[in-house]
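Student: I am new to this structure. Can you walk me through it?
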Amino acid sequence: GEAKYIFSTGERVTLRPGDVFFISPKSAYAILCDGEFLHDTINFLLYETEDNTPHLPSPYLHLVGENTSGFGQMFGRIVSLWQKKEFAFEMLCMSHLYELLALLYRDYSGSVENAYHRLLPARSYIDAHFAEDFTLYDLACLCRMSLTNFRREWKRHFSDTPMQYRDRKRLALAKEYLHGGYYSIGEIATRCGFEDASYFIRFFKKNVGTPPKEFQRRQME
């Protein structure tokens, strides 16, 4: 099945078949799912830091299915040892668990780093062409990623969406033009890639709090 984990921080993570998810015990979250969602769960405590918080790099680690081959067998081995409860089973379970976690950290770090580098062509393209028209599909193709994967990885690494990143670039340039005072509102809208002056004025006021003309007047004072 498939489920969405919604954290108190506002972060959202969708789990799909084959995924491995490692969650800090201090994380607060809710789970939403449509239909059946079956998953194996192992609850455990790691060693903690001096301030009594789990030694984790983030509230969660998410490794997608294509990178989790072999993890299912390791989960099964831990569960089997725990159920049989043979001599020293707790120590054996923990040894296998730490092995699993070490692989998770390694593979997660590798997949995150690779995804970040794969996103760079899209970010460079936006930096150079933010005043032009392009689609998310165009950006995903530059990175040789599916549209779904591109969206997910971009959000993970840059926190906003590609179009929000583009709009910030447009807004920064518009402010420079307004400060210079050489171009009309319509000319600035065109140079920054907005559909027309009316849309630019609405966009600017929504994101800055004042209309472009008012912003320009204050800059000139």
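Tutor: A definition comes before the overview. Helices are DSSP runs of H or I with at least four residues, and strands are runs of E with at least two. The model is predicted.

Student: What share of the residues of the protein chain counts as buried?
Tutor: Buried means under 20% relative accessible area. The protein chain has 221 residues. The share that counts as buried is 34%.

Student: Is Thr210 buried or exposed?
Tutor: Thr210 sits in the loop between α7 and α8 (212–220). Its relative accessibility is 12%. The cut-off for buried is under 20%, so Thr210 counts as buried.

Student: Which residues does Thr210 touch?
Tutor: Contact means heavy atoms within 4.5 Å. Leave out residues up to four places away in sequence. Thr210 then touches Phe204, Lys205, Phe215 and Arg218.

Student: Where does Asp196 lie, and what is its relative accessible area?
Tutor: Asp196 lies in the loop between α6 (185–191) and α7 (197–208). Asp196 is partly exposed, with a relative accessible area of 37%.

Student: Which residues gather with Asp196 in a patch of negative charge?
Tutor: Asp and Glu count as negative. The patch is on the surface, and Asp196 is one of its members. Gathered with Asp196 are Glu132, Asp133 and Glu195.

Key: Residues numbered from 1 in each chain as written. Predicted model: local features only at pLDDT ≥ 70, side-chain atom pairs only at ≥ 80, totals over all residues. Heavy atoms only, no water. Patch = residues over 30% accessible without salt bridge, like charges linked within 9 Å, V, L, I, M, F, W, Y side chains within 5 Å. Areas by Shrake-Rupley, 256 points an atom, 1.4 Å probe, with all protein chains shown as cover. Salt bridge = Lys/Arg side-chain N within 4 Å of Asp/Glu carboxyl O. Charge placed at Lys NZ, Arg CZ, Asp CG, Glu CD. Buried < 20%, exposed > 50% of the residue type's maximum accessible area, 1.4 Å probe, protein only.
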